[in-house]
Amino acid sequence: MKITAIGRQLSVRDSMRELAEKKLSKFDRFFGEDAEAVVKFSVVRDLERVEVTILYNGMFFRSEEENSTFANALDCAVEALERQIRKNKTRLEKRVRENAFSSYSEDADAEEELDFDIRVKTFPFKPMAVEEAIMQMNLLEHQFFCFINSENEKTCVVYKRKNGGYGLIVPE
């Protein structure tokens, strides 16, 4: 796995980079050599934050944790990624690699596979500006809203961010 360490408004020490490589090496058994991991280190309100994003075969695995030290935050982020993988191991095995998750099948504490309860909604799509989509999302009291952007005619998504701002997802 190729690992990239990035510091936001700080420089990443070699010890932090090596720790990230050591902790993420446990995922080598799941992903092939062409997997890419990005580890971002930052400090927010006196807490040290670690964001880990792994990209493999077009699938994203992401975790973001804050703690008193980068080492503790990295441990929590790796545990969260492992929980995501364990929870969805059967579905992931079909997409990632055959028998990649066989070690989890023996775990007594492994969580049961979840059945997704999917509720289907249909509504008319109409082209609108980003600001109008944000207003519509707020009126509906939703966390995200899918719409056709009137500027580029692409299907986009606006969403509420944890920090109170908004995000926009635009397809390439």
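Strand S6 (residues 144-149) supplies three residues to the lining of the second largest pocket, the most of any contributor. The structure is a predicted model, in which local features need pLDDT of at least 70 and side-chain atom pairs count only at pLDDT 80 or more, while totals for chains, interfaces and linings use all residues. Residues are numbered from 1 along each chain as its sequence is written, and side-chain values use heavy atoms, with hydrogens and water left out.

**Pockets**

- A pocket is an open set of points on a 1 Å grid where a 1.4 Å probe fits, with protein on both sides within 12 Å along at least five of seven lines; lining residues have an atom within 4 Å of a point.
- The second largest pocket holds about 230 Å³ of space, and its lining includes Phe144, Phe145 and Cys146.
- The largest pocket holds about 570 Å³ of space.
- Of the 14 residues that line the largest pocket, Arg62, Glu64, Tyr159, Arg161 and Lys162 lie nearest its centre.
- Strand S4 (59-67) gives four residues, the largest share of this lining.

**Helix H1**

- Helices (H or I, at least four residues) and strands (E, at least two) are DSSP runs, numbered from the N terminus.
- In helix H1 (residues 14-24), Met16, Ala20 and Leu24 are buried (under 20% relative accessible area, with exposed meaning over 50%; 1.4 Å probe, protein chains only).
- These three cover an arc of only 60° around the axis, so they lie on the same side of H1; the arc is that of the directions from the helix axis to the C-beta atoms.
- Asp14, Glu18 and Lys22 are exposed on the other side of H1.

Conventions
Points joined across faces, edges and corners; volume = space filled by probe spheres on them.
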